[in-house]
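Student: Could we go through the aromatic contacts in this protein together?
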Amino acid sequence: MHKHIKRFYKSIWLFPLVLLVPLIFLSVNKISGSSIGTLHNILYGNQNDPNLLANKPRDIRSDEWLVNTQLTVAQYNSSFPKINHNIGNGEDVSVQDVPYKDWSIVFKPHNLVFFTLPLENAFALKWWLMGYLLIVSSYFFILTLLPGRKKLAILLSLSLFFSAFVQWWYAYGTLGSLYYSLFIAINVIYLWKQKTLKKKLILAAPLIYLISCFSLVLYPPFQIACGLVLAVFLISYGIQENKSWNRSTLISNISIALGAGLVAGLIFGAFLFTRSEVIQSINHTAYPGTRILKSGGIQPDHFLSSQLGHQFISDNKTASYLIDNKARSNQSEASNFLLLAPFLFIPSAFLIYIDKKKKKPTDWPLLGLLILFLVYLLELFVRQFSQLSRVLLLDKVGSGRVLIGVGLLNFMLLVLFIRNLSSRKFNFPVVPSIIYFLILVIIELAVNLHAHYNFGTFIGLKLAILLSIPLPLITYMIIKKQFILAASIYFIFSIYIGIKVNPLYKGLAIIQKNPISITIKKVSSGSNLRWANEGGYEENLAIINNKPSISSVYDYPQFNMWQSIPNTPKQIYNRYAHVGVEVYNDNSTPTKLNLLTPDSFTLQTSSCSKYLRNEKVGFVLTATILTGNCIKLKDTLSFPITTLYIYQIQN
């Protein structure tokens with residue numbers, strides 16, 4: 001028995017199994033990192049939220065709490081339809097990250113939990129499962145390239161999870177793009193290591209599944225940015241391993257990998273074909289549409305400011321920060337990974353130079369990622385690179401979204417550099433290493449002082465000086481082969497930056513059981529008439545409670561909803577949009593659409609308008625007092641911050 005325990009303790013599976021403990025605990029107790037508590041703040045102000053356990057909700061993460069989370073609840077309460085008929089005239093939700101009943105949900109495994117568990121438990125499990133898969137994928141990626149380095153793998157995988165970019169962009173589009181890239185890389189490496197065709201074919205099955213899952217993440221900017229890193233890594237890894245392959249092995253390895261990609265491509269093609277009208281509609285929208293994005297636009301000082309990520313936890317400090325010295329930032333757009341790649345670039349290039357000079361084999365994966373890193377720098381900083389970036393599809397990504405690719409590259413490059421350096425007897429000399437450390441400190445200090453002197457209260461002088469040390473110190477420790485110490489500092493620094501980004505929040509009662517939801521279900525019980533709610537936090541409150549509504553989040557335009565409105569350009573509603581309704585007492589108020597932002601517009605109309613009756617709108621939720629013969633007050637909901645009124649449209 002003791003031998004088995006000792007063997008288990010030494011097993012690479014211990015960490016993933018231990019990591020299941022918090023995953024299960026949080027899921028059983030219905031605790032997630034959702035910012036849905038923002039709704040409590042909107043209604044109750046500073047009153048204590050009993051469901052908020054730690055940190056605070058982030059209203060800036062509206063794609064999470066206002067869109068994905070609320071539509072997930074709406075799907076659960078309407079029994080997971082593929083076409084949710086409560087959203088306007090019906091919306092195909094399979095292009096979103098929500099649970100639905102269709103064959104393609106098999107390739108979105110994180111959403112399968114909703115079919116077997118109560119809503120709040122399933123929601124919590126989905127939340128942490130995405131993080132678990134990111135940690136596990138990065139852990140096993142490290143062990144694939146650095147066998148036996150469990151402590152290093154644990155520290156670096158957790159550091160990736162706590163990255164500011166991952167936490168501020170915590171959603172399936174982000175985490176799925178990262179962990180499927182890593183799982184695919186692991187799968188291909190093991191496939192290529194097999195000696196028999198039978199074993200290669202067995203590993204082709206999970207590869208097909210993983211590529212299919214990656215394809216159905218359905219957020220092209222992140223998929224392209226991560227996919228390029230994955231492609232360069234696998235191609236360069238194949239070039240390196242090719243020297244040990246004979247002709248038949250080379251043919252079988254490439255054929256099976258490409259064959260798996262082809263089968264996954266057919267699955268993805270079937271997905272697109274079975275909802276071709278929806279895909280075409282999305283591609284031809286005014287927003288987001290088939291955007292052609294220019295390269296450049298990111299300032300080097302901002303790119304090198306990842307060490308300042310902790311400051312963005314404060315809304316007030318963030319308000320002082322400028323990107324490109326002109327655009328006020330939000331935390332998500334300003335977030336980044338803790339980047340070591342810029343500092344490891346020269347040492348990595350030096351190692352490759354030494355091998356070239358001594359006519360030793362080239363570390364092709366390391367070289368490949370160095371070249372791609374240069375390409376990403378051109379995409380980030382150089383406007384004139386736009387013409388060339390089209391070849392790599394980076395014109396579909398944009399410089400801001402390329403950062404996720406840089407983050408994945410940063411992680412892989414770090415692992416490859418450690419692998420390369422640890423396999424050598426060579427040591428970087430002490431004096432040049434110290435000089436390099438001091439140069440890096442000066443660079444970081446310059447970036448931090450720029451933020452201190454130019455961005456108001458964003459960062460104090462003492463902290464600006466202090467934060468110029470960690471990344472150069474980590475780099476120094478790495479090049480001196482103190483890998484565990486370097487990874488430990490990196491892990492601690494990552495927690496310092498990322499752990500307070502998202503809250504710990506219990507349950508979904510704030511949208512399931514709040515007075516608004518209860519009243520909506522009571523007032524419209526037995527009625528099929530639609531709701532018209534004001535925008536913002538009110539827009540989804542009807543569909544959440546399985547009631548039809550013309551106000552909601554429209555993932556793609558429903559032309560038959562809006563084209564009957566006179567003098568309304570298609571440009572206004574041909575977009576992904578948050579849609580709210582403003583109802584007025586004045587019967588002379590024209591019915592029209594007002595474009596507010598690229599992703600939102602409102603319907604303006606009177607309580608007596610023919611449009612509301614033609615669209616079978618029977619109820620209005622608004623913060624405005626309405627009077628007149630066309631409308632009847634059904635209920636008043638008073639909160640410390642606002643008062644809401646529910647009206648019934650009179651025929």
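This is a predicted model: local features need pLDDT of at least 70, side-chain atom pairs count only at pLDDT 80 or more; totals for chains, interfaces and linings use all residues.

Student: How many aromatic pairs are found?
Tutor: The search of the whole structure gives 42 aromatic pairs. One of them joins W169 and F222 in an edge-to-face arrangement, with 5.6 Å centre to centre and 75° between the planes.

Student: Where do W169 and F222 sit in the chain?
Tutor: W169 belongs to the loop between α7 (164-168) and α8 (172-193), whereas F222 is in helix α10 (residues 220-241). The two are 53 residues apart, and the pair thus links distant parts of the chain.

Student: Is W169 buried or exposed, and why?
Tutor: W169 counts as buried because its relative accessibility is 15%, and buried means under 20%. F222 is buried as well, with a relative accessible area of 1%.

Student: What about F350 and F426?
Tutor: Those two rings form a tilted pair, 6.1 Å centre to centre with 45° between the planes. F350 lies in helix α16 (residues 341-357) and F426 in the loop between α19 (402-422) and α20 (430-454), so this pair ties together parts 76 residues apart in sequence. F350 is partly exposed at 34% relative accessibility, and F426 is partly exposed at 27%.

Student: Which residues do ring pairs link into a cluster?
Tutor: The cluster comprises F141, W192, F233, Y237, W245 and F411.

Student: Changing topic, which lysines lie over the face of a ring?
Tutor: K193 is placed over the face of Y190, 5.4 Å from the ring centre. K570 lies over the face of F559, at 4.7 Å from the ring centre.

Note on methods:
Residues are numbered from 1 along each chain as its sequence is written. Side-chain values use heavy atoms; hydrogens and water are left out. Rings of Phe, Tyr and Trp (its six-membered ring) pair if their centres lie within 6.5 Å; planes under 30 degrees apart count as stacked, over 60 as edge-to-face and the rest as tilted. Helices (H or I, at least four residues) and strands (E, at least two) are DSSP runs, numbered from the N terminus. Buried means under 20% relative accessible area, exposed over 50%, partly exposed in between (1.4 Å probe, protein chains only). A charge sits over a ring if NZ of Lys or CZ of Arg is within 6 Å of the ring centre and within 35 degrees of the ring normal.
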